[in-house]
Amino acid sequence: MRKLKSWQKLEEHFSSIKDEEMRDMFANDPERFNKYSLTLDDILYDYSKNRINDQTLKLLLELAEEVNISTWIKKLFKGEPINHTENRAVLHMALRTQSSKPVKLDGINILPDIHYERERVKQLAEKIRTRQWRGATNQSITDVVNIGIGGSHLGPQMVYEALKPYTLHDINIHYVSNVDENHINDTLVYLNPETTLFIISSKTFTTQDTMVNAQTAKKWYLNKMGSEEFIHRHFCAVTANITLAKQFGINEGNIFKMWDWVGGRYSIWSSISLSIVIAIGSDNFDQLLVGADEVDQHFQDTPLEQNIPVIMALLGIWYNNFFASETIAILPYDQHLHRFPAYLQQADMESNGKSVDRNGKQVNYSTGPILFGEIGISAQHAFFQLLHQGTKLVPCDILAPIYNMERNLTHHHALMSNVFAQTEAMMKGRNEQEVTEELKAQGLNTAQIKALLPYKIFSGNRPTSTFIFDTLDPKTLGSLIALYEHKIFVQGIIWEINSFDQWGVELGKKLANTILSQLDDDDEVTNHDCSTNGLINHYKKKLNLPK
């Protein structure tokens, strides 16, 4: 990658621009906002508060051209097996397409199968929402428990929280992921088995965390109800492994299909969203798909210089690989997006946290960033100190709605004033002269000013990109998710890595299965390193397992 002509030009350019101040860039170009902002439907993407100029953008776009981004986009949507380590296509976009044009995989149009499964999900959801679905004692469902992990948990939970204003408030949706018994037990303690439906979400139906929780839920149900006769009214599954789901005791009519061309972290558009459809209804779920599909069309059809996911990706490359910035902060200024940073952590870090390129060789450059985030207002009182005055450069994405459903301007003006102030503060900072004048106005003498001055100066020049949208409705949420999905894809292409496998999670799973069998007896464990042996044996000794 470093041998690319565009990369070498960027390295030269970086040395000339790295010390330039955004404050000066804005002073010298009153059209900067208009030049460096893009719109898609109701979403405004402002990237003007980034450490770039026209030449930076030109060279970054040359990089995108040199790695053939446009060709890779075509490969993605044509269903070519770009996940080469698993020889799989990547076709989660087909789950949300609004077109009737065939989407072929191995010569077969997969759209009819997608539509069939989606209709099954909607039918079940509507039966529950309209109280037609009845439990073992002929009572309607009041609580739905989604049991999953990773993409089978983070996506549905994030969307449910984001779209709470659109949910049925007399059906409670719960999400259980942690194999720690406290998570499932704290959920079950308030539930009635006669009115509870469990959704077991696992692509393989073998994931340890999910299946341990599923067995606990089944045992809880049977202990309360005493019979498996009506278990089919209280358990559903979303999986690619129909055989194991049936062996678990789930009726085949309650099993919804997953496909191997859908990665877990991209499965939100599939039957994995059964709990979401129950919560928000079919029409709202359709709008979620519409919003994502609009981004898919934008991504395919828009020139690179106006293509929002491409610009997002290139800015990330600029900071990660030239400024050596290792992190990015996701800061939503909407309470309902409080799980969005966690969702993007998996989407980004599981996709691009790779150190081997597409040719199987170790890379000698930085790839995926460390992503973290929190609701903006809370973050201001938690870690913004580091963002403003720390020694690390942390680019920030800020997301905010123009209005909320209640349209309480007292609250919303207070919220948005912080959005605008924080982006300005990070860009401008506060220099020595400004601090001195402020302290003089407060009546401090020269000695006092001199003592305080170093602590009150803000360097500024901290990059932010801002997404402003009308309101957080299903369509806009679908668009935001898809924008980040495609950004991640573009960065993976530039870094020459496979964004769609995740072998790094396999080793821990395999070792955990081995160790699990060693915890069921009181024999001393000796086949690991001394630290692992010591930890396991200490745990077993404290448990005082019977011989």
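Predicted model: local features only at pLDDT ≥ 70, side-chain atom pairs only at ≥ 80, totals over all residues.
Residues are numbered from 1 along each chain as its sequence is written, and side-chain values use heavy atoms, with hydrogens and water left out.

Colleague: Is threonine 476 buried or exposed?

Modeller: Threonine 476 belongs to helix α20, residues 474-494; helices are DSSP runs of H or I with at least four residues, numbered from the N terminus. Buried means under 20% relative accessible area, exposed over 50%, and partly exposed in between, with a 1.4 Å probe and protein chains only. Because its relative accessible area is 3%, threonine 476 is buried.

Colleague: Which residues does threonine 476 touch, not counting those up to four places away in sequence?

Modeller: Contact means heavy atoms within 4.5 Å. With residues up to four places away in sequence not counted, threonine 476 touches Asp42, Ile43, Phe469 and Thr471.

Colleague: What kind of aromatic pair do tyrosine 45 and tyrosine 47 form?

Modeller: Rings of Phe, Tyr and Trp (its six-membered ring) pair if their centres lie within 6.5 Å; planes under 30 degrees apart count as stacked, over 60 as edge-to-face and the rest as tilted. The whole structure has 25 such pairs. For tyrosine 45 and tyrosine 47, the centres are 5.5 Å apart and the planes 25 degrees apart, and the pair is stacked.

Colleague: And what kind of aromatic pair do tryptophan 318 and phenylalanine 323 form?

Modeller: Both tryptophan 318 and phenylalanine 323 are buried, and one aromatic cluster includes them along with Trp7, Phe14, Tyr319 and Phe322. Their ring centres are 5.5 Å apart with 85 degrees between the planes, and the pair is edge-to-face.

Colleague: Which ring lies under the charged end of arginine 96?

Modeller: A charge sits over a ring if NZ of Lys or CZ of Arg is within 6 Å of the ring centre and within 35 degrees of the ring normal. For arginine 96 the distance to the ring centre is 4.6 Å, and the ring is that of tryptophan 269.

Colleague: At roughly what angle do the axes of α18 and α19 cross?

Modeller: Axes are lines fitted to C-alpha atoms, for helices over the stretch in contact, and angles run from 0 to 180 degrees between N-to-C directions. The axes of α18 (residues 432-441) and α19 (residues 446-456) come within 10 Å, and the crossing angle is roughly 130 degrees.

Terms used: Helix = DSSP H or I, 4+ residues; strand = E, 2+ residues; numbered from the N terminus.
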